[in-house]
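Biologist: I am new to this one. Please show it to me, and then let us take it residue by residue.

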Amino acid sequence: MKREMYYGKKYKTKDDLLRAIEEYIDYYTNRRVQRKLDLLTPMEYHK
């Protein structure tokens with residue numbers, strides 16, 4: 001888990017924190033542009 005995801009942020013409830021973690025994991029694994037994939041996201045590369 002990247003520190004930037006939560007550093008300096010405060011979550012009011014545990015559910016808010018869990019939602020933020022799930023959203024970050026989805027972004028990191030599916031929507032993040034990667035150099036190894038010729039600057040495509042993993043989803044674009046697999047299509």
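Modeller: Start with glutamine 34. This is a predicted model. Leaving out residues up to four places away in sequence, glutamine 34 touches Tyr28, Leu39, Leu40 and Pro42.

Biologist: Where is the place of glutamine 34?

Modeller: Two helices matter here, α1 and α2 (42–46). Glutamine 34 sits in the loop between α1 and α2.

Biologist: Is glutamine 34 buried or exposed?

Modeller: Its relative accessible area is 18%. Buried means under 20%. So glutamine 34 counts as buried.

Biologist: Which residues is threonine 41 in contact with, leaving aside its neighbours within four places in sequence?

Modeller: Threonine 41 also lies in the loop between α1 and α2. Threonine 41 is buried, at 11% relative accessible area. With the neighbours within four places set aside, its contacts are Asn30, Arg31, Arg32 and Val33.

Biologist: Now the rings. How many aromatic pairs are there?

Modeller: Two rings pair if their centres lie within 6.5 Å. By this rule the count is 2 aromatic pairs.

Biologist: Why is the pair of tyrosine 24 and tyrosine 27 called tilted?

Modeller: The ring centres of tyrosine 24 and tyrosine 27 are 6.3 Å apart, and their planes meet at 50°. Planes under 30 degrees apart count as stacked, and over 60 as edge-to-face. The angle of 50° makes this pair tilted.

Biologist: Which helix holds tyrosine 24 and tyrosine 27?

Modeller: The two are 3 residues apart, about one turn of the helix. Both lie in residues 14–31, which is helix α1.

Biologist: Is tyrosine 27 buried, partly exposed or exposed?

Modeller: Tyrosine 24 is buried, with 18% relative accessible area. Tyrosine 27 has 36% relative accessibility. Buried is under 20% and exposed is over 50%. Tyrosine 27 is therefore partly exposed.

Biologist: What lies over the face of tyrosine 28?

Modeller: Ring pairs link Tyr28 with Tyr24 and Tyr27 into a cluster. At 3.8 Å from the ring centre of tyrosine 28, over its face, lies arginine 32.

Biologist: Step back to the whole protein. What share of the 47 residues count as buried?

Modeller: The protein has 2 helices and 0 strands. Its C-alpha trace spans about 40 × 20 × 10 Å along the principal axes. It exposes about 4600 Å², with carbon and sulfur atoms supplying 52% of that. Of the 47 residues, the buried share is 15%.

Biologist: How far apart are the mean positions of the positive and negative charges?

Modeller: The protein has 12 positive and 8 negative charges. Their mean positions are apart by 6 Å.

Technical notes. Residues numbered from 1 in each chain as written. Predicted model: local features only at pLDDT ≥ 70, side-chain atom pairs only at ≥ 80, totals over all residues. Heavy atoms only, no water. Phe/Tyr/Trp six-rings, centres within 6.5 Å; stacked < 30°, edge-to-face > 60°. Helix = DSSP H or I, 4+ residues; strand = E, 2+ residues; numbered from the N terminus. Buried < 20%, exposed > 50% of the residue type's maximum accessible area, 1.4 Å probe, protein only. Lys NZ or Arg CZ within 6 Å of the ring centre and 35° of its normal. Contact = heavy atoms within 4.5 Å. Areas by Shrake-Rupley, 256 points an atom, 1.4 Å probe, with all protein chains shown as cover. Lys, Arg positive; Asp, Glu negative; His and termini not counted. Charge placed at Lys NZ, Arg CZ, Asp CG, Glu CD.
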